[in-house]
Amino acid sequence: MSRLPDVCVIGAGSSGIAGVKALHQRGFDFDCFEKSDRVGGNWVYKNRNGMSSAYRSLHINTSRERMEFPDFPMPKSYPDFPHHTHIAEYFDNYVDHFGFRDRITFETGVERAQLASDGAWEVTIDGGETRRYDALMVANGHHWDARWPEPAFPGSDRFAGVQMHSHQYAGEDPNFFRDKRVVVLGMGNSAMDIAVEASFSAAAVYLAARRGAWVIPKYLFGRPLDQISTQAGVPLRVRQAFFRTLLKVGVGDMERYGLPKPEHGVLQAHPTISDDILSRIAHGEITPKPNIARLTERTVVFADGSEVEADIVVYCTGYKVTFPFFDPALIAAPGNDLPLFRRVFHPRIPSVFFIGLLQPLGAIMPIAAIQSEWVSDYLSGRYALPAPAAMRADIEHERERMFKRYVASKRHTMQVDFEDYVLATGRERARGAKRAAAAA
Ligand SMILES: Cc1cc2nc3c(=O)[nH]c(=O)nc-3n(C[C@H](O)[C@H](O)[C@H](O)COP(=O)(O)OP(=O)(O)OC[C@H]3O[C@@H](n4cnc5c(N)ncnc54)[C@H](O)[C@@H]3O)c2cc1C
Ligand SMILES: NC(=O)c1ccc[n+]([C@@H]2O[C@H](COP(=O)([O-])OP(=O)(O)OC[C@H]3O[C@@H](n4cnc5c(N)ncnc54)[C@H](OP(=O)(O)O)[C@@H]3O)[C@@H](O)[C@H]2O)c1
């Protein structure tokens, strides 16, 4: 029997530990390098890797049962939407439960990963040591490299107050926003959480947005809304009609709150989830505004010409997908776009795999677990990829569908529907298993 390939895993956040668990259980030789002194990545508040975007008050917005790994349920004592401390603890317990902590090399970053001419990877770690691997699993996360407004708003170089990105907001000082006039930009989940948090102590909070969003509550009818899901394969327009009705009944029109009317249909943007934002707006504690047009020394001027005095501007403008260890000529994601076969396999490089590099309507973790098993199948010869032309056609087809469906934005370059992705992956794995068996 031929030996299993040696694998290098980059990162031990929730995606990396899913990868490590699969490799560990299947008997692979591998190294996993993790910059931090612990697992959990983004979910480790004030992570010493400096990469976590978690703030003190952060709770998950995908419910516990959505987010948990299928073979390791979160404790029932956790609330439906646990705090980041619960989530970090859960990932720690996952590693101990499956017994692979000693397979992770902590406090060791991957500085460079170079593809050798024979298809192997030469991985250089902190300190300069280079090791060779047959395969590379990339799980370095995609929510740590702040994307500031591009280009910067006119006048931002003259603004005398604080300008910051949501990535920098740790929320450790309860007086940070106290009596300040705060402008929060964005309609994603960072903007929702930070605007709400600021609204309890600030003198004024303005929520600026360049387009509307459907604000989805965490709860509806007494249960987490993300557990009221439709079956895989249900046509988009049927799902949309279902969710539109739910939102109409449970929330009402966005314009009633003074927010811009979304120009897209429900389920055509990454979900903006908040139980609190509409209430804080309705209580006059947050004032919706259109996009920022420019800044002056003391004020922010909005696209409708209105102007407010401001002390702090928080840009909740999302993240860049970056791989600092790759030569960008080999692998990069300009505009956050990295075409992959089913969000895992590189179309030209058969020895590199991406775990958790997607934005599901649903949580990333159970998908990362499936992807990890899938890659392990591939590396052990139990799964074979389609022919290159078929793979490229599949990638194009998926991308066309995604870009057609979602609002054009750098945040919509890797969207998947949870149930559909899981079903399609299962089917593809079965097809690939037959291909592998036929080729054996
Ligand atoms: C504020 C916030 C809230 C979120 N809430 C949710 C949610 O409720 N539900 C959900 O499903 N998703 C949520 N997300 C998305 C988030 O991406 C996932 O929850 C999760 O963190 C993804 O895990 P990951 O392992 O892919 O990345 P990360 O958690 O970012 O982990 C990446 C790991 O790789 C390590 N690493 C990076 N580069 C290197 C290197 N060169 N060498 C060695 N190690 C390296 C890092 O140290 C880190 O430990 C949220 C994101 C943000 C920013
Ligand atoms: N509680 C939680 O669990 C929680 C909290 C925070 C974040 N998250 C997750 O973390 C990820 C990142 O979320 P995020 O909110 O930080 O980023 P995001 O989802 O990428 O949202 C960025 C927002 O900023 C807007 N924007 C970007 N550039 C802009 C510009 N130049 N001018 C004006 N507006 C601009 C975007 O508008 P367009 O749509 O027009 O591009 C969008 O509204 C998501 O997966 C999210 O679900 C979860």
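**Helix α4 and its cover**

Reply: In α4, the buried residues are Asn-189, Ala-191, Met-192, Ile-194, Ala-195, Val-196, Ala-198 and Ser-199. Keep in mind that this is a predicted model.

Me: What covers the buried residues of α4?

Reply: The cover includes strands β10 (181–185), β11 (204–209), β15 (272–273) and β20 (312–315), along with helix α6 (277–282). Val-184 touches Ala-191, Ile-194 and Ala-195, among others.

**The whole chain**

Me: How do you know that the chain is as compact as a globular protein of that length?

Reply: First, the make-up: 9 helices and 24 strands. The radius of gyration is 22 Å, and the globule rule gives 22 Å for 440 residues, so the chain is as compact as a globular protein of that length. Its C-alpha atoms fill a box of roughly 70 × 50 × 45 Å along the principal axes.

Me: Which share of the 440 residues is buried?

Reply: Buried residues make up 56%. The accessible surface comes to about 19,400 Å², and carbon and sulfur atoms hold 51% of that surface.

Me: Among contacts between residues at least 6 apart in sequence, what share joins residues at least 24 apart?

Reply: That share is 67%.

Me: Which residues have the most contacts inside the largest nonpolar core?

Reply: They are Ile-17, Phe-69, Val-184, Leu-207 and Ile-277, in a core of 99 residues. Helix α7 (residues 365–379) gives this core its largest share, 8 residues. A second core is separate and has 24 residues, including Ile-10, Val-123, Tyr-133 and Phe-354.

**Buried or exposed?**

Me: Why is Val-301 called buried?

Reply: Its relative accessibility is 5%, and the cut-off is under 20%. Val-301 therefore counts as buried. It sits in strand β18 (residues 299–302). Beyond four places in sequence, Val-301 touches Ile-292, Ala-293, Arg-294, Thr-296, Ser-306 and Glu-307. Lys-289 is 12 residues from Val-301 in sequence, with 9.9 Å between the two C-alpha atoms.

Me: Why does Lys-180 count as partly exposed?

Reply: Its relative accessibility is 31%. Buried needs under 20%, exposed needs over 50%, and partly exposed is in between. Lys-180 therefore counts as partly exposed. This residue is in the loop between β9 and β10. Its contacts outside four places in sequence are Ala-202, Ala-203, Ala-204, Asp-311 and Ile-312. Asp-311 is 131 residues away along the chain, yet the two C-alpha atoms are separated by 5.9 Å.

**Backbone exceptions**

Me: What makes the backbone of Glu-107 and Arg-343 stand out?

Reply: Most residues other than glycine have a negative phi. Glu-107 is not a glycine, and its phi is positive, about 50°. Arg-343 also has a positive phi, near 65°. Glu-107 lies in the loop between β3 (104–105) and β4 (110–115). Arg-343 lies in the loop between β21 (319–320) and β22 (352–354).

Me: Buried or partly exposed: which label does Glu-107 get, and which does Arg-343 get?

Reply: Glu-107 has a relative accessible area of 48% and is partly exposed. Arg-343 has 10% relative accessibility and counts as buried.

Me: Which peptide bond is cis, with omega near -5°?

Reply: The bond from Glu-150 to Pro-151. Most peptide bonds are trans. Pro-151 is in the loop between β8 (145–146) and β9 (162–165).

Technical notes:
Residues are numbered from 1 along each chain as its sequence is written. Chains are lettered from A and ligands numbered from 1 in the order in which they are written. This is a predicted model: local features need pLDDT of at least 70, side-chain atom pairs count only at pLDDT 80 or more; totals for chains, interfaces and linings use all residues. Side-chain values use heavy atoms; hydrogens and water are left out. Helices (H or I, at least four residues) and strands (E, at least two) are DSSP runs, numbered from the N terminus. The radius of gyration is taken over C-alpha atoms; the globule rule is 2.2 Å times the number of residues to the power 0.38. Buried means under 20% relative accessible area, exposed over 50%, partly exposed in between (1.4 Å probe, protein chains only). Contact means heavy atoms within 4.5 Å. Accessible areas come from the Shrake-Rupley method with a 1.4 Å probe; for residues, only the protein chains shown count as cover. A nonpolar core is a set of buried Ala, Val, Leu, Ile, Met, Phe, Trp, Tyr and Cys residues joined through side-chain atoms within 4.5 Å.
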